[in-house]
Amino acid sequence: MKYLLTSLLTLTLFISCSKDDQKDYTAENEKEITDYIAKNKLTAQRTESGLYYVIDVPGTGTQPTAKSNVTVAYRGTFTNGTVFDQSNSDGISFNLYEVIPGWTEGIPFFKTGGSGILLVPSRLAYGNGGREKIPGGAVLIFDVKLIKVNN
């Protein structure tokens, strides 16, 4: 009986994991991001993790760390331009270690008053599972302005 129960549980887990849940979007995301950069004539920097960023205004104030609490105004889109989320001009405050890895890594490139773009591959965002309006494997583009480093 124990063997049957274990086998059924294993089979159920195997069936519930689709190929998309295990798909590696790395190459697909890289192409999508580099195509977006070329199409929009951006000058972007790439980090070792695969995050791309563009600094339009570097800012002159405090530079946050990955552990900082910050206030950021942002607009999030897909590479096709569809907006999936945005803050108001006052921004929102949060701890950088509590958000997607692309923000934890990317926001510290700006100083207070700085603005630019973060081009985030899915593995540094919501991965294969997605979230609400964001499908699994999606590249996310964020126009960001670092309003304040709160600590």
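This is a predicted model: local features need pLDDT of at least 70, side-chain atom pairs count only at pLDDT 80 or more; totals for chains, interfaces and linings use all residues.

User: Which strands does strand 3 pair with, and in which sense, parallel or antiparallel?

Analyst: Two strands are said to pair if DSSP finds at least two bridges between them. Strand 3 (residues 69-77) is joined to strand 7 (residues 140-149) by eight bridges in the antiparallel sense, and within that pairing the partner of Ala-73 is Lys-145. Strand 5 (residues 92-95) also runs antiparallel to strand 3, with four bridges between them, and there Val-72 has Ile-92 as its bridge partner. With strand 4 (residues 83-86) the pairing is again antiparallel, over three bridges; the hairpin of these two strands has five residues between them, and in it Gly-81 takes a positive phi near 95 degrees.

**Burial and the cores**

User: Is strand 3 mostly covered or mostly open?

Analyst: A residue is buried under 20% relative accessible area, exposed over 50%, and partly exposed in between (1.4 Å probe, protein chains only). Strand 3 is mostly covered, with eight of its nine residues buried, while of the 151 residues of the protein chain 39% count as buried.

User: Which residues have the most contacts inside the largest nonpolar core?

Analyst: A nonpolar core is a set of buried Ala, Val, Leu, Ile, Met, Phe, Trp, Tyr and Cys residues joined through side-chain atoms within 4.5 Å. The largest one has 24 residues, and Trp-103 and Phe-142 have the most contacts inside it. At least two of its residues come from each of strand 3, strand 6 (115-120) and strand 7, and strand 7 gives the largest share, five residues. Apart from this core lies another of nine residues, including Ile-37, Tyr-52, Leu-119 and Ile-141. With contact meaning heavy atoms within 4.5 Å, and leaving aside neighbours within four places in sequence, Trp-103 touches Val-72, Tyr-74, Phe-94, Leu-96, Pro-108, Leu-118, Phe-142 and Val-144.

User: Why does Asn-29 count as buried?

Analyst: Asn-29 counts as buried because its relative accessibility is 0%. This residue lies in helix 3 (residues 26-39), and, beyond its neighbours within four places in sequence, Asn-29 is in contact with Pro-121, Ser-122, Arg-123, Gly-137 and Val-139.

**The largest pocket**

User: What is the volume of the largest pocket, and which residues lie nearest its centre?

Analyst: Rolling a probe the size of a water molecule over the atoms shows where empty space is left. On a 1 Å grid over the protein atoms alone, a pocket is an open set of points with protein on both sides within 12 Å along at least five of seven lines, and lining residues have an atom within 4 Å of a point. Grid points are joined across faces, edges and corners, and a volume is the space filled by probe spheres set on the points. The largest pocket has a volume of about 330 Å³, and of its 14 lining residues Tyr-74, Phe-84, Asp-85, Tyr-126 and Arg-131 lie nearest its centre.

**Positive phi**

User: Where is Lys-41 found, and is Lys-41 buried or exposed?

Analyst: Most residues other than glycine have a negative phi. Lys-41, in the loop between helix 3 and strand 1 (45-46), has a positive phi near 50 degrees and is exposed because its relative accessible area is 76%. Glu-132, in the loop between strand 6 and strand 7, has a positive phi near 45 degrees and is exposed, with a relative accessible area of 77%.

Key:
Residues are numbered from 1 along each chain as its sequence is written. Side-chain values use heavy atoms; hydrogens and water are left out. On a 1 Å grid over the protein atoms alone, a cavity is a set of points where a 1.4 Å probe fits but cannot get out, and a pocket is an open set with protein on both sides within 12 Å along at least five of seven lines; lining residues have an atom within 4 Å of a point.
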